[in-house]
Amino acid sequence: MKLTAKKFAALLTIAALGTTALPTSYHQAYAAPSTVNVSATGLQLASQIEAAIKELNDLGIMNGYADGSMGEQREINRAELATLLYKGFGLENKSGEGVQLSDVNANAWYAPYASKLVELGIMKADNGQFNPQATITDAELAEAVSSVLQRDIKSVQHWMNAFYVESSPVTRGETAVLLQTARLAIPSEEAQVTSVRSLNAITLIVTFDRPLTAADEVFAKAQTDLAISGGLKLTNMPRLKTGSIATYIVPTSVQNEGEFYRLTYKGKAAGTFTGSGTKLNMTTATQITNDTFELEALQANGVVDYGYVISAYSGGRGANAFVLDDSEEAAGKTYQIISSMQAREVVITPEGGEPIVAKYVPFTQSTDGKQKPKFRMPEGQVLQPGVKYTVTSDWANIANPSFVASTFEPLQIESAQALSETSVEVTLAQDPGDELFSGRSVTLTSPEGDVLTATYKYSSRKGATGVFDLSGDGKLVTGTTYTVAPVGEWAVAVSVTTTFE
């Protein structure tokens, strides 16, 4: 079939992302592609397809037909896709649950590839039927590539771009170009920095030649590997941008505007950048409990929390997740990015009083569809009713930084249920509609007076219910009924008990 102009434009975009690939070996000689009946625009795409097919063929990933053609305009079937994914992404040594495919002959050339892809859950076989000759849709291709890469599907759809939205079966040429791009997104422990720039006062954009491995993304290791001069530190792990191949949002401590910084990665010089003085544009400071307040940011004002534009969170944010290009633009609009708030602080000053440092409450910066990171007063301190407070920051400009404190009724613990010997589920009288459990603890007191402390498990809240894990080596005793009470004044509990069965 002929490729549409829409698909041509999309694949040209994909091919521009890169053309190198990882080495492997194969004996099949490259066969020149058959003539493509296309326009001038199509000729450029045909060149990209030819290059992708030649590369995959040279690497032993894509085979030709008996007539010497590569069939780049032919619709790709499931047997062919399974083979390409198996060979293109090094699945030889990976294992999953064994499967029996009732419609795949054990002697078929594609049999081991189809079985492996189904074993690993990359391709499906409903009721044991693989349907090897069935053609592949754009959606199926995106799902399979996302699965084999363990990468968010929105990124794969972005690489596919316009041809993803069409329902027509995918061609071998289209698949070749997508796989050429996807292979660039295979994580590597040998990844090296290709560029670094400061995005705002607390954020770097760091691009690598390959994505980092999961081990290299871990905060403790990344903090050591990505060393910056001048005392500047990473404040949390680097996060891969949705839609990119290997570009990361990297949160830092507050940069000194105009200062020249040197970056090293794993002990090697990796680039330089100038510290940014750009502060994030927050809108309003608002009190939400007696000891906690939040700073609001609005996407309508061109500010987006990184939770909506990073690969790791893309699946969980649904339609709210989107792709920013290399200029931090989407749909013609440029955005500021709020990177991780971990370890962030602000100063809150009562009118006529001394400044107080308030610390960020973990996992509260973009919850329930809102961009409102929360900050808490030092332990034991509360906001005094009737007093005007003003919030200032060295990383944010706050348009409406002041509020007059009010008295908030504490949350009410309605019930508790022991889930295991080390965790208990706490339910409030009503859904707080936000992460107001964060940073809170409860005590569990036995009839003998033994006291255990349990602290909220971040991001475990479902409506009015959250999970609290016991601290240290504490364990609930079977058959014992415990009285549950809040630590501090964040909540009240009247005769709330739980028994560990």
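These legends walk through several close-up views of a predicted model.

Local features are described where pLDDT is at least 70, and side-chain atom pairs count only at pLDDT 80 or more, while totals for chains, interfaces and linings use all residues. Residues are numbered from 1 along each chain as its sequence is written, and side-chain values use heavy atoms, with hydrogens and water left out.

**View 1. The whole chain, for orientation.** The protein chain has ten helices and 27 strands, taken as DSSP runs numbered from the N terminus (helices: H or I, at least four residues; strands: E, at least two). Of its 501 residues, 51% are buried, meaning under 20% relative accessible area with a 1.4 Å probe and protein chains only (exposed is over 50%, partly exposed in between). Counting contacts with a separation of 6 or more, 65% link residues 24 or more positions apart; a contact here is heavy atoms within 4.5 Å.

**View 2. Strand 14 and its two partners.** Strand 15 (residues 356-360) runs antiparallel to strand 14, joined by four bridges, and V346 stands opposite A358. These two strands make a hairpin with five residues between them, and G352 in the turn has a positive phi of about 80°. Strand 14 also pairs with strand 17 (residues 388-392), again antiparallel and over four bridges; here I348 has V391 as its bridge partner.

**View 3. From strand 15 on to strand 16.** Strand 15 pairs with strand 16 (residues 374-376) in the antiparallel sense over two bridges. K359 finds its bridge partner in R376 of strand 16.

View 4. The order is 3-6-7 and the pairing is antiparallel. Strand 3 (226-228) and strand 7 (268-274) are the edge strands, each pairing on one side only. Strand 6 (residues 260-265) and strand 7 share six bridges, with Y265 partnered by K268.

**View 5. Two nonpolar cores.** The largest nonpolar core has 71 residues, and L85, F89, V145 and F208 have the most contacts inside it. A second, separate core of 25 residues includes I356, Y360, F403 and A405. Such a core is a set of buried Ala, Val, Leu, Ile, Met, Phe, Trp, Tyr and Cys residues joined through side-chain atoms within 4.5 Å.

**View 6. Helix 3 against helix 4.** Helix 3 (residues 78-88) and helix 4 (residues 111-119) pack at about 75°, with axes 8 Å apart. That makes the two helices roughly perpendicular (65 to 115 degrees; under 35 is roughly parallel, over 145 roughly antiparallel, the rest oblique). Helix 3 contributes A82, T83, L85, Y86 and K87 to the contact, and helix 4 contributes Y113, A114, K116 and L117.

Key: Pairing = 2+ DSSP bridges. Axes fitted to C-alpha atoms, helices over the stretch in contact; angles between N-to-C directions.
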